[in-house]
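Trainee: Could we go through this one together? I'd like to begin with the charged side chains and then move on to the nonpolar ones.

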Amino acid sequence: MTSGNNGASTPEDDDPFGYLYADGQANGAQPPSGGGGYGYPGSVNRVRAVGQRQYGQPAQPQQTAAYGQVPQQQGGYGQPNAHYAAPETQPGGGVPTAPQQPAYGGGGGGRRGPNTKGLLIGAVAVVAAVVIGIGVAMMNGNSKDDKAGGGSSGTPSTSQSSKPSQSASSSASAELPKTDAKDLQLGGGATTASDVKGAKADGGAYVTGFNNVGASITWTVDIQKAGSYRLYVQYSIPAVDANATLTVNGKPNQQPLGMKNFIKSSNTDLAKNWQNTWAPVTLTKGSNTLTVSCGQGNQCNALIDQLWVQPS
């Protein structure tokens, strides 16, 4: 811009503070005075009301206040200005609104996502109800068991067995007869002795001399009920199998009484070889005669100390 023209080509080329620089002073820039604008001579006064200036239209001159003075206010704070027009009043104008955020869950139309908290609470409630139900059922079951245990039961319990108990068997055995060697009727050279240790009969007595043909022992026993029984014999052998003839009520048994080396002993010491055997017998109610004898063909080298019967 040079002196004498009509100012800068555009308002942006006019520097209101050009008078502060040497090149501006050379071009005629002056500080503002009380009578008008400031800057370069003939510069354009650009003070305008807000919204009045529009580029591409001729500028309208506006009276400005002198340097150092406050321009006259067009209106009080918060009051409308005659030169100002709100953007929303202009064609196509409007206050932009913030974009609406979609509802939780990403669904449109204000829909909300699944209420996971509610589902979790419901699941916990269901589990709690099931646990409480199980506890009540268990308490009721225990109560019923306690009541049932107080009365008689039609079926055997775990502690009750349909089989005879040991005490019942012992009592049955105690009721059945048992005899020692000293109470037997001896014959054929058999006699009693107590030199060999280990005999279970009273006083350690046993029958010896039984290894001679014709030797015998006889036991008369009373039976309360007829039936099948077992005749048990306690004996000792010199680690060699033995046998004898058994007669029940005058009738020989079909099988001999076997007195074998069941303990598999190799020691010939009779004190170390005490053991027992049994044979099936059929007894009648009342008095029965049982005879063990050494007959022809029997191996009878044995000591005998006790006899007893048990149910078959």
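**Salt bridge and nonpolar groups**

Mentor: This is a predicted model, and in it the side chains of Lys 182 and Asp 202 form a salt bridge, with 2.6 Å from N to O.

Trainee: What parts does that pair tie together?

Mentor: Lys 182 sits in the loop between strand E1 (178–180) and strand E2 (185–187), while Asp 202 sits in the loop between strand E3 (191–193) and strand E4 (206–208), so the bridge links parts that are 20 residues apart in sequence.

Trainee: Switching topic, which residues make the nonpolar surface patch?

Mentor: Val 126, Val 130, Ile 134 and Met 138 make a patch of about 380 Å²; of these, Val 130 belongs to helix H2 (residues 116–150) and is partly exposed, with a relative accessible area of 46%.

Trainee: Now the inside: which residues touch the most other members of the largest nonpolar core?

Mentor: Those are Leu 231 and Ile 304, in a core of 33 residues, and the elements giving two or more residues to this core include strand E5 (216–223), strand E6 (227–236) and strand E12 (303–311).

Trainee: What does Leu 231 touch?

Mentor: Leaving out residues up to four places away in sequence, Leu 231 touches several residues, among them Trp 219, Leu 246, Trp 278, Leu 290 and Trp 308. Another core, of five residues, lies apart from the largest one and includes Val 196, Tyr 206, Trp 274 and Leu 303.

Conventions:
Residues numbered from 1 in each chain as written. Predicted model: local features only at pLDDT ≥ 70, side-chain atom pairs only at ≥ 80, totals over all residues. Heavy atoms only, no water. Salt bridge = Lys/Arg side-chain N within 4 Å of Asp/Glu carboxyl O. Helix = DSSP H or I, 4+ residues; strand = E, 2+ residues; numbered from the N terminus. Patch = residues over 30% accessible without salt bridge, like charges linked within 9 Å, V, L, I, M, F, W, Y side chains within 5 Å. Areas by Shrake-Rupley, 256 points an atom, 1.4 Å probe, with all protein chains shown as cover. Buried < 20%, exposed > 50% of the residue type's maximum accessible area, 1.4 Å probe, protein only. Core = buried A, V, L, I, M, F, W, Y, C linked by side-chain atoms within 4.5 Å. Contact = heavy atoms within 4.5 Å.
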